[in-house]
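Here are some comments for a colleague who is about to look through this entry. Please read them alongside the sequence and the coordinates.

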Amino acid sequence: MGGVSQRGISTALTWSQARHVASHAATTLPPVLARLGEAFGHPLAEPITRLVDDPPTDLADQSGYAVRGKGPWTLIDEPARLPGTCSRVSAGEPLPAGIVAVLTTEQTESERTRDGGVRVLGRDALTGLPDPAARPTADEGILRKGCWARSGEVLAQRPMGAPSSRVQLVSPAMVALAAASGHDTIAVVRPPSVETIIIGEALQSAGIPRAGRVRDALGDAVPAHVAALGARANPPIRALDDAQEIRTLVEDSNADLVITTGSTAVTSRAAMRGVLVDLGAHWLIDGIAMTPGGSLLLARLVDGRILACLPGDPASALAGLYTVIGPVIRSMRGLPQPELASAVLASAAVQQGRSQDTYLAPVTVLDHDGRSYATPLPTTGPAGLAGWANADAIAVIAPGTGYREDVVELLPTIGA
């Protein structure tokens with residue numbers, strides 16, 4: 001890995017090194033309480049727990065007489081709240097405090113008293129005969145409060161100490177569980193906010209390019225990409241290639257991650273390197289040995305926010321999105337970095353003579369006989385993007401490889 005200089009890293013990082021740096025550039029954002037309808041898809045930050053005991057109160061486990069105190073018991077029409085009384089109950093009915101048992105009609109004998117009331121006697125457990133001295137077993141026929149589960153019991157949680165690949169995203173089932181438990185909110189990792197600044201005087205934001213201008217290809221693509229990664233993408237801002245204007249926009253932004261496009265070349269006319277110096281940023285990446293997109297910059301601002309500077313060339317910017325932005329956003333969301341799939345090159349992928357660079361190539365992927373085969377696509381069409389737009393994946397072709405039958409890693413085209 002290259003050494004860090006005042007202006008950043010003195011030599012370009014390899015593709016793998018850049019991915020590693022990007023994955024450790026930011027820390028997990030703090031949790032927030034999200035309404036149930038908004039929590040889906042975000043990492044669960046705190047366990048979902050029971051809010052009340054289950055059952056929430058004492059319940060009759062059988063139909064019969066709810067008895068209080070020692071027998072015999074006087075049957076009353078209201079809940080039994082005095083010793084020596086009882087009342088009729090149905091299975092599942094809530095019980096007042098102090099009920100010692102619920103006895104079925106088979107376990108009791110009822111008789112009329114002289115005053116027209118009803119007296120209930122328990123039956124002897126051995127003989128089955130009515131016995132004024134019979135005593136029920138404590139809690140017989142009762143489901144006591146919390147006998148199934150206690151308040152505070154964990155129903156769903158982000159596994160503690162488990163492999164990072166088991167981080168849980170809130171699923172529809174979790175939302176339903178939380179609602180059934182009485183929750184109105186779920187604690188999730190706060191999604192990162194992302195600001196996109198499109199730099200360039202000659203960029204046209206709509207319509208067919210005219211008068212020597214070029215159509216901006218990134219103003220919609222970058223926010224869409226970061227949104228697919230689970231971030232909150234702000235509408236893009238457009239700026240001239242002016243250091244003071246760019247610096248002001250970066251300083252005024254409240255986003256966790258600021259992405260700029262353009263003005264990253266190592267020339268006196270490109271503004272971004274001077275902006276990073278003026279901001280006192282801590283340089284993390286100063287170029288990557290990859291084609292396209294090698295002039296990418298990544299820095300941490302003094303307030304902890306991350307600034308990613310993508311090249312203005314659309315294909316180079318896409319390469320930067322796949323290489324760096326995905327790992328940064330995953331680290332902010334507390335998510336693991338994915339294990340990349342692999343495939344065998346079905347035909348050679350030319351690295352344009354840059355043998356020391358990792359080459360990112362759009363490919364189609366076909367599975368055959370238990371193996372995946374990747375076929376490179378030509379980078380034709382407007383801004384050379386036709387291959388990228390039609391790709392099943394992006395092949396990561398390491399230096400010295402790219403020949404037919406070579407094994408390459410694959411980046412997904414969405415959520416990479």
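The points below concern a predicted model, and they take up its nonpolar cores, an aromatic pair and one histidine.

1. The largest nonpolar core has 44 residues, and the members that touch the most others are L257, I259, I285, L298, V324, I325 and V328. At least two residues each come from α1 (15-23), β16 (193-199), α4 (221-228), β21 (257-261), β22 (282-286), β25 (306-310), α7 (314-333) and β29 (393-397), and the largest share, eleven residues, is supplied by α7.

2. For V324, once neighbours within four places in sequence are set aside, the contacts are A22, I285, I288, L296 and L298. Another core, of 18 residues, lies apart from the largest one and includes I199, L297, L301 and C309.

3. The structure contains one aromatic pair, in which Y322 and W388 are stacked, with 6.2 Å from centre to centre and 5° between the planes. Y322 belongs to helix α7 and W388 to helix α8 (residues 386-389), so that the pair links distant parts of the chain, 66 residues apart. Both Y322 and W388 are buried.

4. Leaving aside neighbours within four places in sequence, H42 is in contact with Q168, L169, V170, V188, V189, P191, G230, R232 and R333.

Notes:
Residues numbered from 1 in each chain as written. Predicted model: local features only at pLDDT ≥ 70, side-chain atom pairs only at ≥ 80, totals over all residues. Heavy atoms only, no water. Contact = heavy atoms within 4.5 Å. Core = buried A, V, L, I, M, F, W, Y, C linked by side-chain atoms within 4.5 Å. Buried < 20%, exposed > 50% of the residue type's maximum accessible area, 1.4 Å probe, protein only. Helix = DSSP H or I, 4+ residues; strand = E, 2+ residues; numbered from the N terminus. Phe/Tyr/Trp six-rings, centres within 6.5 Å; stacked < 30°, edge-to-face > 60°.
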